[in-house]
Amino acid sequence: MAQSNFIDYVKICSRSGHGGGGSAHLHRDKQTAKGGPDGGDGGRGGHVILRGNSQLWTLLHLQYRKHIIAENGQNGGPSHSSGAQGHDEVLEVPLGTIARNAETGELMCEITEDGQEIILTPGGRGGQGNAHYKSATNQTPRYAQPGEPGIEEWVILELKLLADVGLVGFPNAGKSTLLSVVSAAKPKIANYAFTTLEPNLGVVAYRDYRSFVMADIPGIIEGASEGRGLGLRFLRHIERNSMLLFMVSCDSADIAEEYKILLNELETYNPELLDKKRILAITKSDMLDEELEEEMRKTLPEGLPTVFISSITGKNITQLKDLIWNALNS
């Protein structure tokens with residue numbers, strides 16, 4: 001089976017350049033036998049920089065590029081000549097990328113805007129030449145400052161998709177079908193569990209040329225926060241969503257219980273997810289008549305905006321868009 005092009009986790013070795021050493025030169029020419037110090041400064045070592053690129057949606061281009069090495073700075077020279085700075089290594093990453101120290105797990109930075117640049121690993125400073133150390137009592141210093149060494153560290157880059165709406169549901173709840181109906185996205189759709197093995201993004205057109213972004217992640221099952229099913233691998237992608245759309249099939253044995261299980265898995269993974277606005281969509285409702293739908297409404301969670309939809313017939317899809325838009329802009 002061909003490997004997926006969606007890569008949302010890479011580990012790289014980031015090494016910045018060493019700073020160049022300062023020069024300890026003393027000025028000499030045919031008119032000057034014993035000139036003063038004229039050593040120049042060393043150049044700064046190259047940085048490793050992260051730059052946001054809205055045209056990227058995956059970390060695939062970094063998957064096999066494990067060692068990122070910036071150029072060293074050049075040494076200073078005579079006649080106050082400064083050494084050249086080391087060339088920076090710029091890594092373009094998709095928006096929503098965060099960097100963590102692989103050893104400590106500490107969050108180093110995150111990229112959220114197109115063109116945003118953050119120094120991931122700073123280069124070493126260049127050393128000062130001996131011209132900086134001359135004084136009335138030390139007129140010919142024969143020493144200069146060495147350049148600072150660069151930094152070498154292992155860094156984890158994680159991508160968390162930036163979307164307005166995140167679809168949350170058990171496998172085969174109709175998430176991919178809804179995304180394919182309301183947007184131009186073409187997710188894989190089939191009648192078996194875990195058809196979706198990677199997140200999908202789609203731009204949903206709304207009234208008056210407005211739009212919002214919807215993210216479909218692989219199905220969650222009970223115990224996902226402990227590693228069952230696809231586990232924690234894709235739960236990170238709903239952390240950046242503005243709101244969550246829970247999707248439960250109408251043929252579920254207990255809709256309220258299924259919603260409760262999904263909510264519990266999100267709370268176990270990250271309690272802050274419960275602060276997001278939520279809407280419940282009962283899918284595949286083209287199989288229901290009005291009387292059965294009214295009976296089911298009595299068993300649904302109270303105080304939660306709920307809509308019965310069918311992606312196949314288009315039932316209440318416009319009403320769902322209205323609910324989402326109002327929630328996003330309230």
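How many salt bridges does a search of the whole structure find? The search finds 11, a salt bridge being a side-chain nitrogen of Lys or Arg within 4 Å of a carboxyl oxygen of Asp or Glu. The model is predicted, so local features need pLDDT of at least 70 and side-chain atom pairs count only at pLDDT 80 or more, while totals for chains, interfaces and linings use all residues. Residues are numbered from 1 along each chain as its sequence is written, and side-chain values use heavy atoms, with hydrogens and water left out.

**Exercise 1.** Describe the salt bridge between Arg 51 and Glu 117.

*Solution.*
- Step 1: the distance from N to O is 2.7 Å.
- Step 2: Arg 51 belongs to strand β2 (residues 48-52) and Glu 117 to strand β7 (residues 117-121), 66 residues apart; strands (E, at least two residues) and helices (H or I, at least four) are DSSP runs, numbered from the N terminus.
- Step 3: Arg 51 is partly exposed at 25% relative accessibility, and Glu 117 is partly exposed at 44%. Buried means under 20% relative accessible area, exposed over 50%, and partly exposed in between (1.4 Å probe, protein chains only).

**Exercise 2.** Describe the salt bridge between Glu 294 and Arg 297.

*Solution.*
- Step 1: the closest N and O atoms are 4.0 Å apart.
- Step 2: both residues lie in helix α3 (residues 290-297), 3 residues apart, about one turn of the helix.
- Step 3: Glu 294 is partly exposed at 47% relative accessibility, as is Arg 297 with a relative accessible area of 34%.
- Step 4: a network of salt bridges links Glu 293, Glu 294, Arg 297 and Lys 315.
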